[in-house]
Amino acid sequence: MSGARHLRLQVLTSRNVRGSFLTDWFLGGLNYQIEHHLFPSMPRPHLRLAQSMVKARCRDLGIPYAETDLVDSYRQALRHMYEVGEPLRADIRGADALRHSGRRRGAHRLVRMTSAEEERPRALLAGASRRWVRLLPWAVAFVLCVALLPTTIQVLSADYGLTGGIASALAVAQAAPLLLAVVRPLQAWCVVFAADVAGALALLTVDFDERLLWPFPPMEIVGYVGLCLALGLREPRRTLLLVWLATAAANVALGFVAPHGFGAMGLLFTILGGVALLLGGALHERSEVQRRLVEQETISEAERGRRTLLEERARIARELHDVVAHHMSVITVQADTAAYRLDGLPPDVREEFTSIAATARESLGEMRRLLGVLRNEEAHGELAPQPGLTRIGQLVEAVAKAGVPVEFAPCDADVPEAVGLSAYRIVQEALANVVRHAPGAPTQVSVSEDGERLTVLVVNGPPPEPPDGPLEEGGTGHGLVGMRERVRLADGSLDTGPLPDGGFRVAAQLPLNFLD
């Protein structure tokens, strides 16, 4: 299977992975960017917003983000969600539909990965930001296991009188599962609880001193309290209540067969276990509340940023509509009606007005599409074909009609859409600068490619006559800035500057392997 096909299958299947609102938004943003690398013709009004939000979220989570390897970022995001306990679930029906339609391999692979990640247990406190906190449960479990294992063997055999084999078996069953409790506390509790009850029954077969604690010796109580604390940090309230009720029931039931009577000390197992469960449950609830609070703050911050962005886009759209679009409409109307308002116009002047009206209408159409995208995120203005290398010739003809002699060396190479659009805009801005600052100056435009890069060159000489005054007052210089931004986005290079004879040169190189 080719890399692009496998990437497409991963995207289609990963749409079925769901989690919390924040997770859906984050993984959805990554999916959106991956799909744009696969399907460049898709609408792009959300792409820049998705890139900025996903980059910020990756930075917060410490996940590497690279435009050239978005799938790896997606996998690391999934892995991070599982490590911190984010409940993700895969819609198997969606994956089955992909398999039935002939995409079995890619869909099955991602579903299998998702299922394996879901089943893999996570350690207690695995989502803590500090390393020592994440290691603390393992350290406590290891210390308890190492300390209680020999102590239990010694006490059961020497003080209580059990044989060495039985004492060793009970010690292993009661102490070793404490290591398992770090990742699976409920399963560890089942083993330890059964071993503790079995140990109490085994002690009924031997004659031990009345002063010794029964049914559960002190070392068993210590291990059980630590186990209950781990249970409280992981399990819900209902499970904790059932665990405590089972503990109390076993404790009371064993009290009826006590060899030396049953007093308050015999209930230490139940009392201390209940306190540990209560403490662990309280810490767990507090952690959940803090996590949800942080999640809500993150969501609120993202919503505030999105609202600010939408408000700014609406303000820009209003300004463009009220100022630029209005003036462009006036130019179009004046140029279209000039032949009817003015008598005796020569044919070449009529043709000039017709060209002005056509150019103004085209600019007005592009402005309307831009306004639609700014005002409505769901607008599909970007679906309209974007200008490319084939449109540069029309651009040169329009400038030539404005009185600028232009020599054009075209290029018919098949280049990526983004590269062709960048080349068109660079030539457009360079020729506009010639018309504004050096009217009538001889200009050469050439576009060529060498298999790896597309080279765009626009060179103009000095104007035949110094202009009486600038065509525009208060130029901002945004044209050159815009060209540099376009070239930088395409990972290319731009060289601009005046020539010794008074002309100006614009040279841009754009890599052809740029992903749209």
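Trainee: Why is Ile271 called partly exposed?
Mentor: Ile271 has a relative accessible area of 48%. Buried means under 20%, exposed means over 50%, and partly exposed lies in between, with a 1.4 Å probe and protein chains only. So 48% makes Ile271 partly exposed. This is a predicted model: local features need pLDDT of at least 70, side-chain atom pairs count only at pLDDT 80 or more, and totals for chains, interfaces and linings use all residues. Residues are numbered from 1 along each chain as its sequence is written, and side-chain values use heavy atoms, with hydrogens and water left out.

Trainee: Where is Ile271 placed?
Mentor: Ile271 is in helix H12, which spans residues 268–341. Helices here are DSSP runs of H or I with at least four residues, strands are E runs of at least two, and both are numbered from the N terminus.

Trainee: What makes the nonpolar surface patch?
Mentor: Ten names make the patch, if you count them on the structure: Leu201, Leu204, Val252, Phe256, Val257, Phe262, Leu267, Ile271, Leu272 and Val275. The patch covers about 870 Å². Patch residues need over 30% relative accessible area and no salt bridge (a Lys or Arg side-chain nitrogen within 4 Å of an Asp or Glu carboxyl oxygen). Nonpolar side chains are joined within 5 Å. H12 gives the largest share, three residues.

Trainee: Why is the pair of Phe216 and Phe269 called stacked?
Mentor: Rings pair if their centres lie within 6.5 Å; planes under 30 degrees apart count as stacked, over 60 as edge-to-face, and the rest as tilted. The centres of Phe216 and Phe269 are 3.8 Å apart and their planes are at 20°, so this pair is stacked. Phe216 lies in the loop between helix H9 and helix H10, and Phe269 lies in H12, 53 residues apart. Both Phe216 and Phe269 are buried. With Tyr224, they form one aromatic cluster.

Trainee: Which residues is Arg375 in contact with, leaving aside its neighbours within four places in sequence?
Mentor: Ala317, Arg318 and His321. Contact means heavy atoms within 4.5 Å. Arg375 sits in helix H13 (residues 347–375).

Trainee: How do you know that strand S5 and strand S7 pair?
Mentor: Two strands pair if DSSP finds at least two bridges between them. S5 (residues 453–460) and S7 (residues 504–511) are joined by eight bridges, so they pair. They run antiparallel. Val459 has Arg505 in S7 as its bridge partner.

Trainee: How many bridges link strand S6 and S7?
Mentor: Six, in the antiparallel sense. Pro498 stands opposite Phe504 in S7. Their hairpin has five residues between the strands, and Gly502 takes a positive phi near 100° there.

Terms used:
Phe/Tyr/Trp six-rings, centres within 6.5 Å; stacked < 30°, edge-to-face > 60°. Patch = residues over 30% accessible without salt bridge, like charges linked within 9 Å, V, L, I, M, F, W, Y side chains within 5 Å. Areas by Shrake-Rupley, 256 points an atom, 1.4 Å probe, with all protein chains shown as cover.
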